[in-house]
Amino acid sequence: MMQIDTSGDASTAAGLYPIRTVSSLTGVNPITLRAWERRYNLICPQRTAKGHRLYTQDDVERIQRAVALLNQGISISQLKPLIDAAVPPARLEAGDSDAWQHYRSRMLDALQRFDETALDTAYNDALSLYPLELVTRHLVTPLLNHLGEHWQAHPAGIAEEHFFSVYLRNKIGARLHHLNAQQRGPQLLISCLPGEHHEAGVLLFALAAVSHGYRTLTLGTNLPLHQIPPVLLQQHCDAVVLSGSTAPASGLFDEQLPRLVKSIGIPVFVGGQISEPHCEAITAAGAIVLGQVFAPALDRIAEQLAANRQR
């Protein structure tokens, strides 16, 4: 690796980015970036005299291409020649399905044995190689869905679901707290809709948002919408993000949500499973539909905030 002689602050080298900035630009956490460098030689960052990694714009673009290929289903072991050739391949349907199934089997086995160490090891192994959003989409969300749909088939099915929920809350909460303190971007108030008692989705979304440079104020489950304006009087937020997976509470979309949108003067977004079948009602209320996939949802938030700044 080329070594750069700087004063020691990795952020001062002209035209180069420290790993934290690259992580925010690409959504790939630093642990994964180091693994891509060490195991697969996908990127070769420069180094300061003190050993800090510095990335060029070309490195950032390579990482973004890698993420795009992973999103197409390309196996991580196939990335380097495709990126080096700069040829966008056709979508591969099989992709990394075997890898994701392997991780899901490991985590499900750990859940059924209530083995937190094995659960954590499998989750960390996946995060060390894949961006958070892919791990959420292909690993965590399918597991949550499986536990929710098949709890009756296991004697301890409800306990397994609770065990996983508590694990995620602890795991994501600690990381979210750490990353949130480092960000200086727009702040999002994130909460579950009234009647929604499962918070894993909003915690995962908050973590994805923080990984993209946002700050988050996360208020958890079953929040009455009339509680949001008083919070905004105490904390400046640039947008409100609400999520739900269950049927909407009575009066939610025709009374409560329109009242909230009119009263706060900042964009209100609604995501999660509830947002797609009720997209027309959400739009009629003046809110913006996000859907269930994090990456396009974060893009939609960024576009709306940029449009608001230009007004």
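Thr26 touches Val60, Ile63, Gln64 and Val67 in this predicted model, leaving aside residues up to four places away in sequence. Thr26 itself belongs to helix 1, which covers residues 19-26. Is Thr26 buried or exposed? With a relative accessibility of 11%, Thr26 counts as buried, because buried means under 20% relative accessible area.

Strand 5 spans residues 187-192, and six of its six residues are buried, so the strand is largely enclosed by the rest of the structure. Gln187, Leu189 and Ser191 point one way from strand 5, while Leu188, Ile190 and Cys192 point the other way.

Which strands pair with strand 5? One is strand 6 (residues 215-218), joined to strand 5 in the parallel sense over four bridges; here Ile190 stands opposite Thr218. Another is strand 7, which pairs with strand 5 in the parallel sense over five bridges, with Cys192 opposite Ser243.

Ser243 leads on to strand 8, since that residue also stands opposite Gly271 there. Strand 7 (residues 239-243) and strand 8 are parallel partners over four bridges. On strand 8 (residues 268-271), Val268 and Val270 point one way and Phe269 and Gly271 the other, and all are buried. Strand 8 pairs with strand 9 (residues 288-291) too, in the parallel sense over three bridges, and in that pairing Val270 stands opposite Val289.

Here are the pairings side by side.

| Strands | Sense and bridges | Residues standing opposite |
|---|---|---|
| Strand 5 and strand 6 | parallel, four bridges | Ile190 and Thr218 |
| Strand 5 and strand 7 | parallel, five bridges | Cys192 and Ser243 |
| Strand 7 and strand 8 | parallel, four bridges | Ser243 and Gly271 |
| Strand 8 and strand 9 | parallel, three bridges | Val270 and Val289 |

Strand 5, helix 9 (residues 200-211) and strand 6 form a right-handed β-α-β unit. A right-handed β-α-β unit is also made by strand 7, helix 11 (residues 252-264) and strand 8. From strand 8, the chain contributes to another right-handed β-α-β unit, with helix 12 (residues 279-284) and strand 9.

Notes
Residues are numbered from 1 along each chain as its sequence is written. This is a predicted model: local features need pLDDT of at least 70, side-chain atom pairs count only at pLDDT 80 or more; totals for chains, interfaces and linings use all residues. Side-chain values use heavy atoms; hydrogens and water are left out. Buried means under 20% relative accessible area, exposed over 50%, partly exposed in between (1.4 Å probe, protein chains only). Helices (H or I, at least four residues) and strands (E, at least two) are DSSP runs, numbered from the N terminus. Two strands pair if DSSP finds at least two bridges between them. A crossover is right-handed if, with the strands pointing away from the viewer, the path from the first strand over the helix to the second runs clockwise. Contact means heavy atoms within 4.5 Å.
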